[in-house]
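I opened this entry to keep track of what I looked up, in the order I looked it up.

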Amino acid sequence: MKKIINLEKDVKKTVPIVEAIFLVPAMIIGIILVIALLSAPAAISALFSKNLKNRMILSILIGIVFSFCGIWISYELDISSGATIIILLTSIYFILNLLFSILNKKTNHFYFQSAYYYLLVVIYK
C-alpha cells in the first residue's frame, strides 16, 4: 500500500514551530529596540542638562536628529534602519560620556556648562 501524504496536516503541525523559532525572537528584539530608542536620547540629554524641562526638549531634538541620520545611513548602506539608529545613538552616548569623563574626573554626572568651560580651557592652554 502506498502512503498518501497529507500536506495540509503536516503544514498545520509545523507552523507553530516556525512561529516559536522565528517570530517570537523577532518581536523581542523589536521591543528591545523600542526601549533603546526611548532611553538613549534621554541618556544623552542627561549629559548636558540637569533641568528636567531642558532634558525633555533636548532628548526630543536628539531623537529626531539621530533618527533621520540613522535612516539616511541605513538607506545609503542598505541595512536595517532600526538597528542603525540605535547603534548611532549608543555610540554617540558612549563617545560623549567618555569625553566628559576625561574632561571632568571628579563625578559621573556632566553638564553642558562645565563641559563647555573645560573645552575652552583645554583649547586656550
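The notes below go from the overall fold to a surface patch and then to ring pairs.

Entry 1, fold. I am working with a predicted model. Along the sequence the pattern reads α-α-α-α.

I checked how much of the protein chain is buried: 21% of its 125 residues. I then took the contacts between residues at least 6 apart in sequence, and 48% of these join residues at least 24 apart. The accessible surface of the protein chain is about 10000 Å², and carbon and sulfur atoms hold 73% of that area.

Which residues make the nonpolar patch of about 430 Å²? I list I17, I21, F22 and L23. F22 has a relative accessible area of 56%, which is over 50%, so I record F22 as exposed.

I searched the whole structure and got two aromatic pairs. For F48 and F100, the ring centres are 5.4 Å apart and the planes stand at 85°; because that angle is over 60 degrees, I note the pair as edge-to-face. The pair links distant parts of the chain, with F48 in helix 1 and F100 in helix 3 (residues 81-103), 52 residues apart.

Are F48 and F100 buried or exposed? F48 has 18% relative accessibility, which is under 20%, so F48 counts as buried. F100 is also buried, with a relative accessible area of 4%.

Definitions and conventions: Residues numbered from 1 in each chain as written. Predicted model: local features only at pLDDT ≥ 70, side-chain atom pairs only at ≥ 80, totals over all residues. Heavy atoms only, no water. Helix = DSSP H or I, 4+ residues; strand = E, 2+ residues; numbered from the N terminus. Buried < 20%, exposed > 50% of the residue type's maximum accessible area, 1.4 Å probe, protein only. Contact = heavy atoms within 4.5 Å. Areas by Shrake-Rupley, 256 points an atom, 1.4 Å probe, with all protein chains shown as cover. Patch = residues over 30% accessible without salt bridge, like charges linked within 9 Å, V, L, I, M, F, W, Y side chains within 5 Å. Salt bridge = Lys/Arg side-chain N within 4 Å of Asp/Glu carboxyl O. Phe/Tyr/Trp six-rings, centres within 6.5 Å; stacked < 30°, edge-to-face > 60°.
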